[in-house]
Amino acid sequence: MSESDPRGTRKVREGIAVSTKMDKTVVVAVVDRVRHPRYHKTMQRTRRLYAHDATNDVREGDRVRVAETRPLSKQKRWRVVEVIERAR
């Protein structure tokens with residue numbers, strides 16, 4: 001696959017860990033700024049992504065980077081790449 005091939009690229013998102021109650025799974029809230037098609041007002045849309053955390057080291061409030069991956073369960077399609085900033 002070449003660099004311009006869309007199949008070779010995985011999506012990467014940044015967000016805040018909002019729930020770590022599951023084993024090896026973290027819920028990450030990703031805020032996306034979108035423009036309303038008619039009113040042209042900038043809005044914030046939040047998506048809650050289920051991400052795989054193999055080491056269980058992410059805590060609530062941490063800023064994390066997640067990457068798209070193969071389906072790991074019914075809802076998990078992302079994995080934690082790194083913890084960018086720890087919660088204070």
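Arg88 is exposed, with a relative accessible area of 91%; for a 1.4 Å probe and protein chains only, exposed means over 50%, buried under 20%, and partly exposed in between. The model is a predicted one, in which local features need pLDDT of at least 70 and side-chain atom pairs count only at pLDDT 80 or more, while totals for chains, interfaces and linings use all residues. Residues are numbered from 1 along each chain as its sequence is written, and side-chain values use heavy atoms, with hydrogens and water left out.

Five strands form a closed barrel in the order S1-S2-S3-S5-S4, with mixed pairing. On average, neighbouring strands of this sheet are turned by 45 degrees against each other, direction ignored; the axes are lines fitted to C-alpha atoms, for helices over the stretch in contact, and angles between N-to-C directions run from 0 to 180 degrees. Strands are DSSP runs (E, at least two residues), as are helices (H or I, at least four), numbered from the N terminus, and two strands pair if DSSP finds at least two bridges between them. Strands S4 and S5 (residues 78-85) run antiparallel and are joined by six bridges. Within this pairing, Glu68 stands opposite Trp78 of S5.

The model contains eight salt bridges, a salt bridge being a side-chain nitrogen of Lys or Arg within 4 Å of a carboxyl oxygen of Asp or Glu. Three of them are set out below.

| Salt bridge | Closest N to O distance |
|---|---|
| Glu14 and Arg65 | 2.8 Å |
| Arg88 and Glu85 | 3.4 Å |

The pair of Glu14 and Arg65 forms a salt bridge. Because Glu14 belongs to strand S1 (residues 12-19) and Arg65 to strand S4, this pair ties together parts that are 51 residues apart in sequence. Glu14 is partly exposed at 37% relative accessibility, and Arg65 is partly exposed at 24%. Their side chains also make a polar contact of 2.8 Å. A polar contact is a pair of N or O atoms within 3.5 Å; within protein, one must be able to donate a hydrogen and the other to accept it, and residues adjacent in sequence count only if both atoms are side-chain atoms. A network of salt bridges links Glu14, Arg63, Arg65 and Glu82.

Arg65 lies in S4, which spans residues 63-68. Leaving aside neighbours within four places in sequence, Arg65 is in contact (heavy atoms within 4.5 Å) with Val12, Arg13, Glu14, Arg79, Val80, Val81, Glu82 and Ile84. The C-alpha atoms of Arg65 and Arg79 are 8.6 Å apart, although the two residues are 14 residues apart in sequence.

Asp62 is buried at 1% relative accessibility, whereas Arg86 is partly exposed at 45%. The two side chains are also joined by a polar contact of 2.9 Å. Not counting residues up to four places away in sequence, Asp62 touches Gly15, Ile16, Ala17, Asp57, Val83, Glu85, Arg86 and Ala87.

Glu85 is partly exposed, with a relative accessible area of 36%.
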